[in-house]
Amino acid sequence: MRLVVRIPPLLLFVVIALVMWLGRGEARGAEPLLLPAAALLLAGALLGGGALLHFWRQGTSVHPIRLDQSRVLVTRGVYRISRNPMYLGLLCWTMALACYLGGMMVWLGPLLLWGWLTRFQILAEERALHRRFGDAYADYCRRVRRWC
């Protein structure tokens with residue numbers, strides 16, 4: 001089970017964040033929203049870190065491209081809030097950067113990340129996980145939302 005589009009989500013995040021940073025010139029004079037930026041940065045760290053911790057404890061792979069390495073369906077901890085807390089964490093970080101940079105154009109970064117991850121990463125993962133875990137995964141999907 002491999003994904004058709006093979007851009008690792010972390011690399012996608014880095015590229016989008018870099019483009020947001022380099023394009024920040026349009027936001028000159030816009031006030032950074034430091035408190036929301038800090039809150040989103042913390043939320044992203046807790047979501048992503050919590051997700052990695054649960055994967056590590058279960059002894060399963062976090063590799064987003066080789067889905068056949070998933071051995072356990074993780075549904076505890078942050079996975080009760082979101083089926084994709086690692087991706088939600090990356091989204092929180094791009095929103096934190098947008099808050100920090102200010103301006104309207106930088107919000108295209110989080111929107112692009114959300115759309116790309118949903119279309120090219122999450123939907124493929126969901127199909128693969130449903131094939132691998134069957135009814136258990138379908139039940140989990142009924143209980144927990146894709147993003148939050």
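1. Start with helices α4 and α5, which are oblique to each other. The angle between them is about 130 degrees, and their axes lie 6 Å apart. Helix α4 covers residues 108–133, and helix α5 covers residues 135–143. Keep in mind throughout that this is a predicted model.

2. Look at who meets whom in this pair. From α4 come Glu 126, Leu 129, His 130 and Phe 133. From α5 come Asp 135, Ala 136, Tyr 137 and Ala 138. By type, the contact holds five nonpolar residues, one polar and two charged.

3. Leu 73 ties a loop to this region. This residue sits in the loop between α2 and α3. Setting aside neighbours within four places in sequence, Leu 73 is in contact with Phe 133, Ala 136 and Tyr 137. Leu 73 and Phe 133 are 60 residues apart along the chain, yet their C-alpha atoms are separated by 7.2 Å.

4. Now step back to the whole chain. The protein chain has five helices and zero strands. Along the sequence the pattern reads α-α-α-α-α. Of its 148 residues, 42% are buried. Take the contacts between residues at least 6 apart in sequence: 78% of them join residues at least 24 apart.

5. Helix α1 spans residues 9–22 and helix α3 spans residues 85–101. How do α1 and α3 run relative to each other? They are roughly parallel.

6. Gly 109 lies in helix α4. At 7% relative accessibility, this glycine counts as buried. Beyond neighbours within four places in sequence, Gly 109 is in contact with Ile 16 and Met 20. The C-alpha atoms of Gly 109 and Ile 16 are separated by 5.8 Å, although the two residues are 93 apart along the chain.

7. Is Ser 82 buried or exposed? Ser 82 is buried, with 0% relative accessibility. Its side chain reaches the backbone oxygen of Trp 147 at 2.6 Å. Leaving out neighbours within four places in sequence, the contacts of Ser 82 are Leu 88, Tyr 140, Val 144, Arg 145, Arg 146, Trp 147 and Cys 148.

8. Last, the cysteines. How many disulfides does a search of the whole structure find? The search finds zero. For Cys 92 the reason is distance: the closest cysteine sulfur, in Cys 148, is 7.8 Å from its own sulfur, too far for a bond. The cut-off for a disulfide is 2.5 Å between sulfur atoms. Cys 92 is buried, at 7% relative accessibility. Cys 141 is partly exposed, with a relative accessible area of 24%.

How values were computed. Residues numbered from 1 in each chain as written. Predicted model: local features only at pLDDT ≥ 70, side-chain atom pairs only at ≥ 80, totals over all residues. Heavy atoms only, no water. Buried < 20%, exposed > 50% of the residue type's maximum accessible area, 1.4 Å probe, protein only. Axes fitted to C-alpha atoms, helices over the stretch in contact; angles between N-to-C directions. Helix = DSSP H or I, 4+ residues; strand = E, 2+ residues; numbered from the N terminus. Parallel < 35°, antiparallel > 145°, perpendicular 65-115°, else oblique. Polar contact = N/O pair within 3.5 Å; in protein donor to acceptor, adjacent residues only side chain to side chain. Contact = heavy atoms within 4.5 Å. Nonpolar A, V, L, I, M, F, W, Y, C, P; charged D, E, K, R; others polar.
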